[in-house]
Amino acid sequence: LADRDGLIWFDGEMVPWREAKVHVLTHTLHYGLGVFEGVRAYKTPDRGTCIFRLKEHTDRLFGSAHILGMGMPYDKDTLNEAQRQVVRENGLEEAYLRPMCFYGSEGMGLRADNLQTHVIVAAWEWPSYMDPEARDRGIKVRTSSYTRHHVNITMCKAKANGNYINSMLALKEALDCGAEEALLLDNEGYVQEGSGENIFIVRNDQILTPDLTSCLDGITRRSIFTLAEELGYTIREKRITRDEVYVADEAFFTGTAAEVVPIRELDGRTIGSGSRGPLTEKLQTMYFDTVRGNRSQYREWLTPVA
Ligand code: PMP
(Lines give C-alpha, C1' and ligand atoms only; values in the text may rest on other atoms or scores of the structure.)
Protein backbone atom coordinates (compact mmCIF):
# COMPACT_ATOMS: atom_id res chain seq x y z
CA LEU A 1 0.00 0.00 0.00
CA ALA A 2 2.95 2.34 0.63
CA ASP A 3 4.60 1.95 -2.78
CA ARG A 4 2.23 3.66 -5.17
CA ASP A 5 1.58 6.95 -6.88
CA GLY A 6 -0.70 9.51 -5.33
CA LEU A 7 -0.89 12.20 -2.68
CA ILE A 8 -1.59 12.08 1.03
CA TRP A 9 -2.70 15.09 3.06
CA PHE A 10 -0.12 15.27 5.86
CA ASP A 11 -0.22 18.09 8.42
CA GLY A 12 -1.73 20.54 6.00
CA GLU A 13 0.22 19.68 2.88
CA MET A 14 -0.29 17.30 -0.01
CA VAL A 15 2.71 14.94 0.15
CA PRO A 16 3.70 12.38 -2.51
CA TRP A 17 2.40 8.96 -1.38
CA ARG A 18 5.83 7.31 -1.01
CA GLU A 19 7.17 10.22 1.04
CA ALA A 20 4.37 10.29 3.61
CA LYS A 21 6.55 8.75 6.33
CA VAL A 22 7.10 8.98 10.09
CA HIS A 23 10.03 8.20 12.40
CA VAL A 24 10.34 4.81 14.15
CA LEU A 25 10.01 6.63 17.49
CA THR A 26 6.52 7.84 16.61
CA HIS A 27 4.66 7.76 19.92
CA THR A 28 1.42 6.25 18.60
CA LEU A 29 3.39 3.40 17.03
CA HIS A 30 4.64 2.48 20.53
CA TYR A 31 1.57 2.92 22.69
CA GLY A 32 -1.37 2.92 20.30
CA LEU A 33 -2.98 6.16 21.40
CA GLY A 34 -4.38 7.76 18.28
CA VAL A 35 -7.75 8.16 16.60
CA PHE A 36 -8.98 7.55 13.10
CA GLU A 37 -11.95 7.31 10.79
CA GLY A 38 -13.01 5.12 7.90
CA VAL A 39 -15.03 7.06 5.36
CA ARG A 40 -16.28 6.25 1.87
CA ALA A 41 -16.83 8.27 -1.26
CA TYR A 42 -19.12 7.05 -4.03
CA LYS A 43 -19.77 8.04 -7.61
CA THR A 44 -23.20 9.59 -8.06
CA PRO A 45 -25.15 10.12 -11.29
CA ASP A 46 -25.54 13.90 -11.01
CA ARG A 47 -23.09 15.33 -8.48
CA GLY A 48 -19.86 13.54 -9.32
CA THR A 49 -18.02 11.77 -6.53
CA CYS A 50 -19.51 12.46 -3.10
CA ILE A 51 -18.29 11.66 0.40
CA PHE A 52 -20.95 9.88 2.44
CA ARG A 53 -21.82 11.55 5.78
CA LEU A 54 -18.58 13.52 5.89
CA LYS A 55 -19.77 15.80 8.67
CA GLU A 56 -20.72 12.88 10.93
CA HIS A 57 -17.37 11.17 10.41
CA THR A 58 -15.43 14.35 11.14
CA ASP A 59 -17.56 15.01 14.21
CA ARG A 60 -16.83 11.48 15.45
CA LEU A 61 -13.10 11.96 14.80
CA PHE A 62 -13.09 15.10 16.92
CA GLY A 63 -15.17 13.33 19.57
CA SER A 64 -12.67 10.46 19.65
CA ALA A 65 -9.75 12.90 20.08
CA HIS A 66 -11.66 14.73 22.82
CA ILE A 67 -12.35 11.47 24.68
CA LEU A 68 -8.64 10.61 24.62
CA GLY A 69 -7.57 14.14 25.50
CA MET A 70 -5.64 14.62 22.26
CA GLY A 71 -5.26 18.19 21.08
CA MET A 72 -6.45 18.81 17.54
CA PRO A 73 -4.27 21.15 15.50
CA TYR A 74 -6.90 21.73 12.78
CA ASP A 75 -10.55 22.65 12.78
CA LYS A 76 -13.35 20.58 11.30
CA ASP A 77 -13.65 22.68 8.15
CA THR A 78 -9.97 22.13 7.38
CA LEU A 79 -10.30 18.37 7.75
CA ASN A 80 -13.50 18.25 5.72
CA GLU A 81 -11.73 20.12 2.97
CA ALA A 82 -8.67 17.83 3.27
CA GLN A 83 -10.91 14.81 2.73
CA ARG A 84 -12.50 16.33 -0.36
CA GLN A 85 -9.06 17.28 -1.64
CA VAL A 86 -7.48 13.80 -1.35
CA VAL A 87 -10.28 12.20 -3.32
CA ARG A 88 -10.22 14.94 -5.95
CA GLU A 89 -6.45 15.22 -6.36
CA ASN A 90 -5.94 11.47 -6.52
CA GLY A 91 -8.52 11.33 -9.31
CA LEU A 92 -10.63 8.75 -7.46
CA GLU A 93 -14.19 8.06 -8.58
CA GLU A 94 -14.90 5.93 -5.53
CA ALA A 95 -12.67 5.74 -2.49
CA TYR A 96 -12.11 4.64 1.05
CA LEU A 97 -10.72 7.51 3.13
CA ARG A 98 -8.56 7.19 6.19
CA PRO A 99 -8.15 10.29 8.33
CA MET A 100 -5.89 9.57 11.31
CA CYS A 101 -4.53 11.64 14.19
CA PHE A 102 -1.42 10.44 15.95
CA TYR A 103 1.27 11.61 18.33
CA GLY A 104 4.64 12.22 16.72
CA SER A 105 8.22 11.40 17.71
CA GLU A 106 8.69 14.55 19.80
CA GLY A 107 9.06 12.48 22.96
CA MET A 108 8.55 9.08 24.58
CA GLY A 109 6.85 7.85 27.72
CA LEU A 110 3.34 7.62 29.06
CA ARG A 111 3.07 11.16 30.33
CA ALA A 112 2.53 12.20 26.73
CA ASP A 113 2.88 15.83 27.73
CA ASN A 114 5.50 16.84 25.19
CA LEU A 115 3.86 15.66 22.00
CA GLN A 116 2.22 17.09 18.95
CA THR A 117 -0.83 15.67 17.25
CA HIS A 118 -0.21 15.03 13.57
CA VAL A 119 -2.95 14.40 11.06
CA ILE A 120 -3.04 12.49 7.79
CA VAL A 121 -5.81 11.84 5.32
CA ALA A 122 -5.24 9.11 2.74
CA ALA A 123 -7.69 7.82 0.13
CA TRP A 124 -7.54 4.84 -2.17
CA GLU A 125 -9.79 2.45 -4.01
CA TRP A 126 -11.03 -0.27 -1.67
CA PRO A 127 -14.05 -1.70 -3.44
CA SER A 128 -15.58 -4.22 -1.05
CA TYR A 129 -14.26 -5.15 2.33
CA MET A 130 -16.13 -8.43 2.16
CA ASP A 131 -16.11 -10.86 -0.72
CA PRO A 132 -18.55 -9.40 -3.32
CA GLU A 133 -20.55 -12.65 -3.13
CA ALA A 134 -20.98 -12.05 0.61
CA ARG A 135 -23.35 -9.17 -0.11
CA ASP A 136 -25.88 -11.54 -1.62
CA ARG A 137 -25.19 -14.81 0.14
CA GLY A 138 -24.22 -13.56 3.56
CA ILE A 139 -21.29 -14.56 5.71
CA LYS A 140 -20.41 -17.13 8.34
CA VAL A 141 -19.68 -15.67 11.75
CA ARG A 142 -18.15 -17.10 14.94
CA THR A 143 -18.74 -15.84 18.44
CA SER A 144 -15.35 -14.68 19.64
CA SER A 145 -13.49 -16.03 22.64
CA TYR A 146 -12.23 -12.44 23.05
CA THR A 147 -14.50 -10.12 25.03
CA ARG A 148 -15.30 -6.72 23.61
CA HIS A 149 -13.64 -3.86 25.50
CA HIS A 150 -15.20 -2.97 28.80
CA VAL A 151 -16.33 0.64 28.97
CA ASN A 152 -13.91 1.45 31.75
CA ILE A 153 -10.88 -0.28 30.25
CA THR A 154 -10.72 1.45 26.92
CA MET A 155 -12.98 4.19 25.70
CA CYS A 156 -15.41 2.38 23.43
CA LYS A 157 -16.96 5.53 21.95
CA ALA A 158 -13.57 6.59 20.63
CA LYS A 159 -12.48 5.11 17.34
CA ALA A 160 -9.01 4.69 18.79
CA ASN A 161 -6.08 2.94 17.11
CA GLY A 162 -5.27 0.75 20.11
CA ASN A 163 -8.85 -0.51 20.41
CA TYR A 164 -8.31 -2.48 17.22
CA ILE A 165 -5.94 -5.01 18.82
CA ASN A 166 -9.11 -6.53 20.28
CA SER A 167 -10.80 -6.49 16.85
CA MET A 168 -7.81 -8.04 15.10
CA LEU A 169 -7.43 -10.85 17.65
CA ALA A 170 -11.12 -11.63 17.26
CA LEU A 171 -11.07 -11.51 13.47
CA LYS A 172 -7.96 -13.69 13.19
CA GLU A 173 -9.53 -16.27 15.46
CA ALA A 174 -12.74 -16.26 13.39
CA LEU A 175 -10.83 -16.59 10.11
CA ASP A 176 -8.71 -19.42 11.56
CA CYS A 177 -11.98 -21.20 12.43
CA GLY A 178 -13.18 -20.92 8.82
CA ALA A 179 -15.63 -18.06 9.46
CA GLU A 180 -15.54 -14.67 7.75
CA GLU A 181 -16.16 -12.42 10.72
CA ALA A 182 -16.25 -12.48 14.52
CA LEU A 183 -19.09 -11.55 16.84
CA LEU A 184 -17.83 -10.00 20.05
CA LEU A 185 -19.75 -10.20 23.31
CA ASP A 186 -19.40 -7.77 26.20
CA ASN A 187 -17.99 -8.73 29.59
CA GLU A 188 -21.42 -9.94 30.70
CA GLY A 189 -21.87 -12.09 27.62
CA TYR A 190 -24.27 -9.91 25.63
CA VAL A 191 -23.84 -9.35 21.90
CA GLN A 192 -22.01 -6.16 21.01
CA GLU A 193 -20.55 -5.98 17.51
CA GLY A 194 -18.30 -7.43 14.82
CA SER A 195 -14.59 -6.64 14.59
CA GLY A 196 -15.45 -3.54 12.56
CA GLU A 197 -19.25 -3.58 12.23
CA ASN A 198 -22.44 -3.09 14.19
CA ILE A 199 -25.00 -5.90 14.19
CA PHE A 200 -28.76 -6.01 13.67
CA ILE A 201 -31.19 -8.91 13.92
CA VAL A 202 -34.73 -9.30 12.62
CA ARG A 203 -37.24 -11.41 14.54
CA ASN A 204 -41.02 -11.53 14.12
CA ASP A 205 -40.88 -8.46 11.89
CA GLN A 206 -39.01 -6.44 14.52
CA ILE A 207 -35.52 -5.04 14.01
CA LEU A 208 -33.24 -5.17 17.04
CA THR A 209 -29.71 -3.99 17.70
CA PRO A 210 -27.55 -3.84 20.84
CA ASP A 211 -27.57 -0.54 22.67
CA LEU A 212 -24.35 1.42 22.42
CA THR A 213 -22.88 0.49 25.80
CA SER A 214 -19.58 -0.87 24.54
CA CYS A 215 -19.88 -0.73 20.79
CA LEU A 216 -18.94 2.02 18.42
CA ASP A 217 -21.68 4.50 17.51
CA GLY A 218 -21.60 3.46 13.88
CA ILE A 219 -22.57 5.96 11.23
CA THR A 220 -23.88 3.18 8.96
CA ARG A 221 -25.92 2.02 11.98
CA ARG A 222 -27.45 5.50 12.22
CA SER A 223 -28.25 5.45 8.50
CA ILE A 224 -29.99 2.08 8.90
CA PHE A 225 -32.17 3.56 11.69
CA THR A 226 -33.32 6.26 9.29
CA LEU A 227 -33.86 3.91 6.34
CA ALA A 228 -35.78 1.44 8.51
CA GLU A 229 -38.01 4.25 9.74
CA GLU A 230 -38.83 5.04 6.13
CA LEU A 231 -40.06 1.43 5.82
CA GLY A 232 -42.21 1.89 8.90
CA TYR A 233 -39.88 0.13 11.38
CA THR A 234 -38.70 1.60 14.66
CA ILE A 235 -35.50 -0.21 15.53
CA ARG A 236 -35.35 -1.30 19.15
CA GLU A 237 -32.06 -1.11 21.04
CA LYS A 238 -31.76 -3.79 23.67
CA ARG A 239 -29.47 -6.33 25.22
CA ILE A 240 -29.19 -9.29 22.86
CA THR A 241 -27.87 -12.75 23.66
CA ARG A 242 -26.01 -14.96 21.23
CA ASP A 243 -28.85 -17.47 21.16
CA GLU A 244 -31.26 -14.72 20.15
CA VAL A 245 -29.08 -14.37 17.08
CA TYR A 246 -29.22 -18.14 16.48
CA VAL A 247 -33.02 -18.03 16.31
CA ALA A 248 -33.32 -14.71 14.46
CA ASP A 249 -35.12 -14.67 11.12
CA GLU A 250 -32.39 -12.45 9.67
CA ALA A 251 -29.16 -10.84 10.82
CA PHE A 252 -26.76 -8.40 9.23
CA PHE A 253 -23.66 -6.33 9.91
CA THR A 254 -23.21 -2.66 9.05
CA GLY A 255 -20.08 -0.55 8.68
CA THR A 256 -18.49 1.96 6.36
CA ALA A 257 -15.99 -0.58 5.02
CA ALA A 258 -18.29 -3.62 5.14
CA GLU A 259 -21.42 -1.63 4.13
CA VAL A 260 -24.48 -3.89 4.73
CA VAL A 261 -23.62 -7.60 4.91
CA PRO A 262 -26.09 -10.39 5.65
CA ILE A 263 -25.10 -13.00 8.26
CA ARG A 264 -26.15 -16.46 7.21
CA GLU A 265 -24.61 -18.49 10.00
CA LEU A 266 -23.43 -17.98 13.57
CA ASP A 267 -21.39 -20.71 15.32
CA GLY A 268 -22.55 -23.30 12.79
CA ARG A 269 -26.25 -22.47 13.29
CA THR A 270 -28.07 -21.35 10.17
CA ILE A 271 -29.86 -18.04 10.61
CA GLY A 272 -33.33 -17.89 9.09
CA SER A 273 -33.33 -19.32 5.58
CA GLY A 274 -29.52 -19.40 5.48
CA SER A 275 -29.25 -16.62 2.92
CA ARG A 276 -29.98 -12.89 2.74
CA GLY A 277 -33.35 -12.16 4.36
CA PRO A 278 -36.00 -10.00 2.67
CA LEU A 279 -35.74 -7.05 5.07
CA THR A 280 -31.93 -7.18 4.96
CA GLU A 281 -32.14 -7.07 1.18
CA LYS A 282 -34.48 -4.08 1.25
CA LEU A 283 -32.28 -2.12 3.65
CA GLN A 284 -29.13 -3.10 1.78
CA THR A 285 -30.60 -1.91 -1.52
CA MET A 286 -31.79 1.34 0.05
CA TYR A 287 -28.33 1.85 1.57
CA PHE A 288 -26.48 1.35 -1.72
CA ASP A 289 -28.95 3.56 -3.57
CA THR A 290 -28.57 6.25 -0.92
CA VAL A 291 -24.76 6.29 -0.81
CA ARG A 292 -24.60 6.36 -4.60
CA GLY A 293 -27.08 9.24 -4.83
CA ASN A 294 -29.71 7.21 -6.68
CA ARG A 295 -32.50 8.42 -4.41
CA SER A 296 -34.02 11.82 -3.87
CA GLN A 297 -33.90 11.50 -0.06
CA TYR A 298 -30.97 12.29 2.23
CA ARG A 299 -29.02 14.24 -0.35
CA GLU A 300 -27.57 16.26 2.51
CA TRP A 301 -25.65 13.11 3.50
CA LEU A 302 -23.57 13.45 0.33
CA THR A 303 -20.78 16.01 0.00
CA PRO A 304 -19.42 16.47 -3.53
CA VAL A 305 -15.62 16.45 -3.69
CA ALA A 306 -15.48 18.88 -6.60
N1 PMP B 1 -17.85 -1.08 15.25
C2 PMP B 1 -16.52 -1.04 15.08
C3 PMP B 1 -15.65 -1.65 16.12
C4 PMP B 1 -15.96 -0.44 13.95
O5 PMP B 1 -14.65 -0.42 13.78
C6 PMP B 1 -16.81 0.11 12.97
C7 PMP B 1 -16.23 0.73 11.74
N8 PMP B 1 -15.91 2.08 11.94
C9 PMP B 1 -18.19 0.05 13.18
C10 PMP B 1 -18.67 -0.55 14.33
C11 PMP B 1 -19.16 0.66 12.19
O12 PMP B 1 -19.04 2.04 12.19
P13 PMP B 1 -19.35 2.90 10.89
O14 PMP B 1 -20.67 2.46 10.40
O15 PMP B 1 -19.34 4.30 11.36
O16 PMP B 1 -18.26 2.62 9.92
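These are legends for close-up views of a predicted model. Residue numbers start from 1 along each chain, following its sequence as written. Because the model is predicted, local features need pLDDT of at least 70 and side-chain atom pairs count only at pLDDT 80 or more, while totals for chains, interfaces and linings use all residues.

**View 1. The shell around the ligand.** Sixteen residues surround the ligand, and the closest are Leu216, Gly218, Ile219, Thr220 and Thr256; a residue counts as near if its C-beta atom, placed from the backbone, lies within 6 Å of the molecule. Sorted by class, the shell has three nonpolar, nine polar and four charged residues. Here Ala, Val, Leu, Ile, Met, Phe, Trp, Tyr, Cys and Pro go down as nonpolar, Asp, Glu, Lys and Arg as charged, and the others, Gly among them, as polar. Helix H6 (219-230) and strand E14 (250-255) each put at least two residues into the shell, and H6 gives the most, with three. Helices (H or I, at least four residues) and strands (E, at least two) are DSSP runs, numbered from the N terminus.

**View 2. Strand E8 and its two partners.** Strand E8 (residues 139-147) pairs with strand E15 (residues 259-266) in the parallel sense over three bridges; pairing takes at least two DSSP bridges between the strands. On that side, Lys140 has Glu265 in E15 as its bridge partner. E8 also runs parallel to strand E9 (residues 181-185), joined by four bridges, and there Thr147 stands opposite Leu185. To get from E8 to E9 the chain goes through helix H5 (residues 164-176), in a right-handed β-α-β crossover. Right-handed means that, with the strands pointing away from the viewer, the path from the first strand over the helix to the second runs clockwise.

View 3. The largest nonpolar core has 36 residues, and Phe200, Ile201, Val245, Ala251 and Ile263 have the most contacts inside it. A core is a set of buried Ala, Val, Leu, Ile, Met, Phe, Trp, Tyr and Cys residues joined through C-beta atoms within 7 Å. Buried means 20 or more other C-beta atoms within 10 Å of the residue's own, exposed means 12 or fewer, and partly exposed is in between, with C-beta atoms placed from the backbone. Zoom in on Val245: leaving out residues up to four places away in sequence, Val245 touches Val191, Ile201, Ile240, Ala251, Leu266 and Ile271. Contact here means C-beta atoms, placed from the backbone, within 7 Å. A second, separate core of 20 residues includes Ile8, Trp9, Val86 and Leu97.

**View 4. Asp211 in its loop.** Asp211 sits in the loop between strand E12 (206-209) and H6. It counts as partly exposed because 13 other C-beta atoms lie within 10 Å. Beyond its neighbours within four places in sequence, Asp211 is in contact with Glu237 and Lys238.

View 5. Arg84 belongs to helix H3 (residues 76-89) and counts as buried because it has 22 C-beta neighbours inside 10 Å. Not counting residues up to four places away in sequence, Arg84 touches Ile51, Thr303 and Val305. Thr290 belongs to helix H8 (residues 278-291) and is buried, with 22 C-beta neighbours inside 10 Å.

Terms used. Contact = placed C-beta atoms within 7 Å.
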